[in-house]
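Open your viewer and get the selection tool ready. We will walk through a few packed helices, one stop at a time.

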Amino acid sequence: MNSSFSFNQPDDYTQLLTDLHAEYCRDQPEDVLQYCANFFHRKLQEQRAAHRQRTNYQLGGHDFHPLSGPAHNDDDDHLSTSDDKDEFESIADSNEEERDEFSGDPLSMMPPPSYSRGRRTSVSAESMAPTHGRDFVKRVIPKSELQGTRIRESVGNNFLFRSLDEEQYQDVVDAMAEKRIAANERVIEQGAVGDFFYVVEEGTLDCFIAKDGEQVKVTSYEAGGSFGELALMYNAPRAATIVTTSDVVLWALDRVTFRTILMENTSRKRRMYESFLEEVHLLKSLELYERHKIADALESVYFEDGEQVMKQGDVGDQFYIIESGEAAFYKTDEQHITRQVNLFGRGSYFGELALLNDSPRAASVVAQGRLKCATLGKKAFTRLLGPVHDILKRNSENYHAIINQAE
């Protein structure tokens, strides 16, 4: 292997496997070995191309202008003659190219430090896989109703929590652990790797950022405040130092727990949605990977008792699957008499013909008690899989049955 390169940072290795796992879960390939080989080969090509582009930029002229003429790069020739080396060593080499850390001859041709831009901080997150319900046990730390309300209010406007559904939100609140810290203690330190997000229950804290060798105070936190949310996404270095100015009580959530909650809930919902979709006659012609796409695109919506979900005669563009609760169906006849004609519960679906055409709704639907549905619009369906008509035509018998029903 080329001794000019080294593979120093395990974070890059973890990130590479995380990316592979995410793409594998998305695509669900049949030939796993070939899929992984293609993934690594693609990464290798991308990183070598990026290295060549940077090298041409650095060696193209004395002013290092991006439009300078191309220069010969001995390192390219060296990289292209490594057929007898181990494949994974080559992958390690290519990762080093992207990090721009070189030693030996290439280093002497680099521009002066004053010309180089600051490199991005390396970040990564743990590679995880769902348990599919076998081992996952929710973490529940007892809290009073008032404490739970304060946590919800504190994180309600935080960008990481806005897209959580009610169940995920409750799991996050339940999993937060209490931490008591004395005055004049550092909770987090700038530059240190962090893996906790904090909500302030009691006490006060100051936030400092190092600037020109001095600690500059930029803000303060009190009850209801929160900080450290980026630690829930990846283990990037902390951007500031937080110091307690009184005895404090904090609620803390670690990254692994947060990601596990999201992953397990998403995995559970996906399996549930796929089982529901299998029963929708309109979608029986879907392949497995297509059902995966639809399941991932479904969104949860909530209706309170007595709230109208859809109205008879309106043009529909949404398809619904009931996750929990009940929905009552009402039809109004020509004499303007309204009667209840059906009552659907969990796993039932309605409004599916909205994916096929723009016909008016055949009935009104009203929530009986609190109702939770998964929904998908016609535009989103078409964007993912194309027109429903094309999917129906895969099964001529089902196609004619659905078309007759729509008419």
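Start by selecting α8 (residues 255–277) and α9 (residues 288–297). Their axes come within 9 Å and cross at roughly 120°; axes here are lines fitted to C-alpha atoms, for helices over the stretch in contact, with angles from 0 to 180 degrees between N-to-C directions. The two helices are therefore oblique to each other, the class left over once under 35 degrees is called roughly parallel, over 145 roughly antiparallel and 65 to 115 roughly perpendicular. The crossing of α8 and α9 is right-handed, meaning that the near helix is turned clockwise from the far one by less than a right angle.

Now show side chains. On α8, pick R270, Y273, E274 and L277; on α9, pick R291, H292, I294, A295 and D296. These make the contact (heavy atoms within 4.5 Å). They divide into four nonpolar, one polar and four charged; Ala, Val, Leu, Ile, Met, Phe, Trp, Tyr, Cys and Pro count as nonpolar, Asp, Glu, Lys and Arg as charged, and the others, Gly among them, as polar.

A word on what you are viewing: this is a predicted model, in which local features need pLDDT of at least 70 and side-chain atom pairs pLDDT 80 or more, while totals for chains, interfaces and linings use all residues. Residues are numbered from 1 along each chain as its sequence is written, and side-chain values use heavy atoms, leaving out hydrogens and water. Helices are DSSP runs (H or I, at least four residues), numbered from the N terminus.

Stay on α8 and follow its whole length. Its 23 residues reach 32 Å from first C-alpha to last, close to the expected 33 Å (1.5 Å times one less than the number of residues). At its N-terminal end, zoom in on D254, the cap: a side-chain oxygen lies 3.2 Å from the backbone nitrogen of V256.

What is the angle between α7 and α8? They pack at about 150°, with axes 10 Å apart, and are therefore roughly antiparallel. Among the residues in contact are V172 of α7 and F258 of α8.

Notes: Polar contact = N/O pair within 3.5 Å; in protein donor to acceptor, adjacent residues only side chain to side chain.
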